[in-house]
Amino acid sequence: DAGFERHEYDVVVIGAGGAGLRAAIAAHDAGARVAIVCKSLLGKAHTVMAEGGIAASMGNVYPDDNWKVHFRDTMRGGKMLNNWRMAQLHAQEAPERVLELEEWGALFDRTPEGLISQRDFGGHRYARLAHVGDRTGLEMIRTLQQRAVALGIDVFMEFTVTEILKDSAGPGGRVSGAFGYWRETGRFVVFDAPSVVLATGGIGKSYQVTSNSWEYTGDGHALAMKAGASLINMEFVQFHPTGMVWPPSVKGILVTESVRGDGGVLKNSEGERFMFDYIPEFFKAETADTIEEAEGWYADKKNNRRPPELLPRDEVARAINSEIKAGRGSPHGGVFLDIASRRDAEFIRRRLPSMYHQFKELADVDITAEPMEVGPTCHYVMGGVEVDPDTEESILTGLYAAGEVAGGMHGSNRLGGNSLSDLLVFGRRAGHNAAYAAHRLRDARPQVSADDVRAAAAAALAPFEIEHGGENPYTIQKDLQDVMQRLVGIIRKADELRESLEEIGKLKERAKRLSVEGHRQYNPGWHLAIDLTNMLVVSECIAKAALEREESRGGHTRDDFPGPDDAWGRVNLVLTLAGGDFASPVHLEHQPLPVMPDQLRELFDA
Ligand code: FAD
C-alpha cells in the first residue's frame, strides 16, 4: 500500500450534507483535525434540495409551542417506535441549533414582528418550520459550508469511500480509518483516523421512482454493516405523497409539503377532496372532519382542527395510492394537487418560488393557474445505523453516524421538517463525541493494517478483472429497482416479499461477476458497480425486515396484516452482516424497544 496517497486526521466525516458539515464544525471546535469527504462537489448534497424547512419549537408563531409538544408530535408521527431519548434530545436542542445557524449568517423568512417565521407542516401541531421560501436547504448548506471553509476544514470532494478500516486488536476491533478513491482519477487514498462519522444520507436509488439523486445508494448503511455495525428499522421507508408523475423524465421529483401547508388540497378525478375519507382512528381527535372546519383552521388554529391533507406522510401516501387504484386518478397516474384555485398568484410565487419554476420548466404547468399532478415517490429511509442516542456512536467503537444514515430517531415515520433539525442536533453531537474519543487516543492511535488496505483495493478493482461474460452494472441496477418498486413498495405482502428476497439473492450472485470496461479515470460504470453492491445489501435489509414485521405501522404497510400490533410496537428489528463483504448473508434479530420514562410517558396520557 506504500504507493497510495495517505492522510492522517483525528476525525474523518463521510458526507457533506447538513449532518456531515455540522459534525465537522463540532469536531473542529472540539480541537480535532478534521476532513470532510463527499462523493460530489461540495454543496451538492441532498440537504441542499430540502424545501420546506427546519422543525424547531421556537414558538415564534404559536407561543404555546415548546419541546414537549414537538416531542409528542414526533413520537406520534413515528407511531411510538422512535428511540424516545433521541426524540427528546432532538426536540429540546433544535431551537438552539436554528438560532446558532442564524448567528452564523442564515437569513430566514420573518414574522411581522421580525422573528424567524415558522410554517405549518403535516403532523406538527403548531406552525414550527423555520424556512427560507421553499429553499431552506440551500440556505442551510450555504451557511454551514461557508463556516466549514472559513474554519479551514479540509475537504475531499468527488471522492467515494468504499471501506471503513479497522484495528483488529481487542474484541470486535475498532475503527482505524477509511479507504476510498478519487472519482476523477480512480486513484486510491488511505485515511488514518481513530474516529469516522458516517453522514452519507439515504438509499432512494434502490427504487425506480424517487425524489433522491444519484448519490443516494445507501453507502453509509452498507459501509457500517461491512465493518460490523448494525442497522435498525430498515423496513420503514418513507414514500412522500407528492412527487411529480409527469413527464416521465421527471417522475419522482419532489413537490414540497409546503404546498399543502400553505393551503393546497388534494383532489381526485371527480374533483372530490378525498382526504376526508382517510382519517385514521389514531388522528381523529386532532383532524378536521368537515371542509368548513378545515378551511377555518388556516386563520384560527386554536378553535379548528387541522385539515386531513396535513396528516403524516404515510397516511397521505396510502390514501393517494388507494384513490389511484380505485380508478379515480389523474390522466398520468397521480391525483391533483390544487393551490391555484385557493391562493392568489402573487402569494404562490412568493411562498413557493421553486415549485413555480419546477412545474413551469419541467412540465409546462403554471401552478398559479392549474392543478399539479402528483403521486407517491420514495423519499427517505427511517432505518439506519443503530447508534447510542447521546453520542451517536454505533456498536463498532470509533464509528459514528448522524443524519439520514442513522436510525432510531424517526421511528416508523418521519415528520416533514424533522430531518433538517435532526442533522443539526445529531451532527453536532456526533462530531463532538468523535473528537473527544480521538483525543483520548492521541498516544495510542489505532493502526491501519496493510492487508486490509490491499483487500480494499482488490475489492474495488474486482469489476476490472472479469473480461468475458461479466454482468453489466446498469442492467443489475435496473433489475434491482424493478424488484424493489414492484415487491417492496408502499403496500407489501408476504409472498411478494419472499419473492423479492429470492430475486435480490439472485442479483447478489450476479453481482459477484460485475464487470466494467475501460480505465480507472472517470469511469461511471465502475462507480456504479461499487455503489451497486451497497444498494444490494441495503435492499436485502429492507425486504428482510419488511417480511419479518407482521403488522402495519408508519412507513411499513402489510396488506396481509393491515393494523398495528401492540406486541410489534415494542420491537426493533436489528440487522447485521455475517461477513465483511456485500455477498455475506444478512442476519436479523428482535430487540426490545427502550422503555420511555414515566415523566415523558405522561405527555401521552394527557
Ligand atoms: P445528505 O445531505 O444526503 O448528504 C450526504 C452526503 O454524503 C453527500 O455529501 C454525499 O456526497 C456523501 N456521500 C454519500 N456516500 C458517500 C461515499 N460513499 N463516500 C463519500 N461521500 C459520500 N427534510 C426536512 O427536514 N425538511 C425539508 O424541507 C426537506 N425537504 C426535502 C426535499 C427533497 C427534494 C429531498 C430529497 C429531501 C428533503 N428532506 C427534507 C430530507 C432531507 O433533506 C434529507 O433527509 C437530509 O438532507 C439528509 O441529510 P444528510 O446530511 O443526512 O445527508
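View 1. Strands β11 and β18 are parallel and joined by three bridges. Helices (H or I, at least four residues) and strands (E, at least two) are DSSP runs, numbered from the N terminus; two strands count as paired if DSSP finds at least two bridges between them. Across this pairing, Val-197 is opposite Tyr-400 in β18. Val-197 in β11 also has Val-13 opposite, and β2 and β11 run parallel with four bridges. This is a predicted model, in which local features need pLDDT of at least 70, side-chain atom pairs count only at pLDDT 80 or more, and totals for chains, interfaces and linings use all residues. Residues are numbered from 1 along each chain as its sequence is written.

**View 2. The five-stranded open sheet.** The strand order is β7-β3-β2-β11-β18, with parallel pairing. Strands β7 (154–157) and β18 (399–401) are the edges, each pairing on one side only. Neighbouring strands are turned against each other by 20° on average, direction ignored; axes are lines fitted to C-alpha atoms, for helices over the stretch in contact, and angles run from 0 to 180 degrees between N-to-C directions. Strand β3 (residues 34–38) is joined to β7 by four bridges, and the two run parallel. Within that pairing, Val-155 in β7 is the bridge partner of Ile-36.

**View 3. Helices on the sheet and the side chains of β11.** Helix α1 (residues 18–29) packs on the sheet and touches β2 (11–14), β3 and β11 (195–198), its direction making about 170° with that of β3. Contact between two residues requires C-beta atoms, placed from the backbone, within 7 Å. Helix α5 (residues 219–227) lies across β2, β11 and β18 and runs at about 150° to β18. From β11, Ser-195 and Val-197 point one way, Val-196 and Leu-198 the other way, and all are buried. A residue is buried if 20 or more other C-beta atoms lie within 10 Å of its own, exposed if 12 or fewer, and partly exposed in between, with C-beta atoms placed from the backbone.

View 4. In α10 (residues 353–363), the buried residues are Met-355, Gln-358 and Phe-359. They lie on the same side of α10 because they cover an arc of only 90° around the axis, the arc being that of the directions from the helix axis to the C-beta atoms. Their cover includes α6 (258–261) and β16 (372–381). Exposed residues His-357 and Glu-361 are on the face turned away from the buried side of α10.

**View 5. Surroundings of Arg-318.** Arg-318 lies in helix α8 (residues 313–325). Arg-318 is buried because 20 other C-beta atoms lie within 10 Å. Not counting residues up to four places away in sequence, Arg-318 touches Ile-490 and Thr-557. Pro-95 is 223 residues from Arg-318 in sequence and 32 Å away in space, C-alpha to C-alpha.

**View 6. The annotated span and model confidence.** UniProt, in an unreviewed entry, places "domain: FAD-dependent oxidoreductase 2 FAD-binding" at residues 10–420; UniProt positions are in the numbering used here, feature names are shortened, and annotations may be inferred rather than shown by experiment. The end C-alpha atoms of residues 10–420 are 26 Å apart, and the span is 27% helix and 19% strand. The protein chain averages a pLDDT of 95, and 100% of the residues score at least 70; pLDDT is the predictor's confidence in each residue, from 0 to 100.
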